[in-house]
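Good morning, everyone, and thank you for making time for this short talk.

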Amino acid sequence: MLNSVPILFVGDWRRAEFAPMASWLASREAHFAANVSEALHRIERGFTPTIIVVAPPWPGHFSARSIAALRHAAPLARIASVLGAWLEGETRTGKPWPAVWRTYWHQWMPRLATELDRLAAGEAAAWSLPPTSSEGERLLQVNFPAKQAKPIGSSAKAIAIISTSRETAESLGDVCRDRGWKSIWLQRPTDASPGAMDLVIFDFSSLVESEVSKIANYKTQWAMIPLIALVSFPRIADVELLKSHRVAAVVSKPFLNHELVWQIDQLLAKPTNSRLHAR
């Protein structure tokens with residue numbers, strides 16, 4: 001169970017980029033602290049976290065000294081940072097904290113969930129590596145091999161891939177086959193009609209604003225089919241716009257295959273009332 005992993009979240013959980021993550025962590029009985037002082041107080045009073053999630057919204061919000069204080073107070077805990085919307089250039093222009101696993105606010109869900117699942121199951125995870133491990137070593141540990149390919153039967157889930165790129169469609173098709181799902185490539189949303197698809201992956205090739213009308217038309221006709229939007233480095237406004245058009249999930253490009261698979265698994269587990277048929 002995920003609840004067996006004690007988690008301490010440090011930051012402003014009310015901010016737009018962090019609120020969904022905070023709600024998700026709250027359902028797993030995470031502890032919350034608005035700042036490092038409050039977090040240290042909780043640790044001093046006896047809470048022993050396995051994971052400390054630090055959420056800085058902008059550069060300098062947490063100092064290197066405050067991160068060192070957390071590490072000193074809970075030396076066995078792993079520290080993960082979820083970087084806010086103003087920190088996307090942190091690894092290029094800032095001074096990344098040493099021995100801290102990092103992800104961006106638009107990548108947090110599958111990465112946190114995967115790591116917590118593996119830790120709770122006693123499996124090797126990026127967060128179980130020594131704090132001195134490099135980003136490359138952690139990436140190799142995170143990007144674990146896919147499960148053995150499953151045979152595709154008549155009852156297999158069917159996924160429509162809407163993309164103008166053949167290479168992207170083929171790559172996503174390979175991911176689907178590895179999981180035992182059927183897939184079909186559609187170059188345009190208009191190539192679909194109701195009937196046979198369980199989920200749609202919509203690959204945005206340009207700015208969200210310029211393509212949102214396509215997704216709006218799709219969702220108007222097929223509102224009951226879950227749709228995943230693939231977007232390059234989305235902004236908060238992009239995510240909010242897509243969610244307003246009933247997009248079920250936004251996955252940031254580039255992504256690791258298991259992150260997309262995790263999101264698809266979550267949506268396929270939910271009941272739907274309609275399916276989509278590709279012409």
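This is a predicted model: local features need pLDDT of at least 70, side-chain atom pairs count only at pLDDT 80 or more; totals for chains, interfaces and linings use all residues.

The protein chain contains 10 helices and 12 strands, and of its 279 residues, 48% count as buried. If we take the contacts between residues at least 6 apart in sequence, 68% of them join residues at least 24 apart.

Now to the sheet. In what order do the strands of the open sheet of 5 strands lie? The order is β7-β6-β9-β10-β11, and the pairing is parallel. As a reminder for those new to this, strands of a sheet pair through backbone hydrogen bonds, either parallel or antiparallel. At the edges we find β7, residues 182-186, and β11, residues 249-253, and each of these has a single partner strand, so one side of each is left without a neighbour in the sheet. Neighbouring strands here are turned against each other by 20 degrees on average, if direction is ignored.

Let us look at β10, residues 227-232, which is joined to β11 by 5 bridges, the two strands running parallel. On its other pairing, β10 is linked in the parallel sense to β9, residues 199-203, over 4 bridges. Is β10 mostly covered or mostly uncovered? It is mostly covered, with 5 of its 6 residues buried. From β10 the chain crosses through α9 to β11, and this β-α-β crossover is right-handed.

I now move to helix α5, residues 108-120. With 13 residues at 1.5 Å a residue, this helix should span 18 Å, and because its end C-alpha atoms are 18 Å apart, the expectation and the model agree. Among its buried residues are Trp108, Arg111, Leu112 and Leu116. Just after α5 comes Gly122, which takes a positive phi of about 75 degrees.

How do α5 and α10 pack? Two packed helices are described by the angle between their axes and the distance between the axes. For α5 and α10, residues 257-268, the angle is about 90 degrees and the axes are 9 Å apart; the two helices are therefore roughly perpendicular to each other. The residues of α5 that meet α10 include Met109, Pro110 and Asp117, and on the α10 side they are His258, Glu259 and Trp262.

Finally, consider Thr103, which sits in strand β5, residues 101-104. Its relative accessibility is 2%, and because a residue under 20% is called buried, Thr103 counts as buried. Leaving aside residues up to four places away in sequence, Thr103 touches Ser81, Val82, Leu83, Trp108 and Arg111, and Trp108 and Arg111 are also among the buried residues of α5.

Methods. Residues are numbered from 1 along each chain as its sequence is written. Side-chain values use heavy atoms; hydrogens and water are left out. Two strands pair if DSSP finds at least two bridges between them. Axes are lines fitted to C-alpha atoms, for helices over the stretch in contact, and angles run from 0 to 180 degrees between N-to-C directions. The expected span of a helix is 1.5 Å times one less than its number of residues. Buried means under 20% relative accessible area, exposed over 50%, partly exposed in between (1.4 Å probe, protein chains only). Contact means heavy atoms within 4.5 Å. A crossover is right-handed if, with the strands pointing away from the viewer, the path from the first strand over the helix to the second runs clockwise. Angles under 35 degrees count as roughly parallel, over 145 as roughly antiparallel, 65 to 115 as roughly perpendicular and the rest as oblique.
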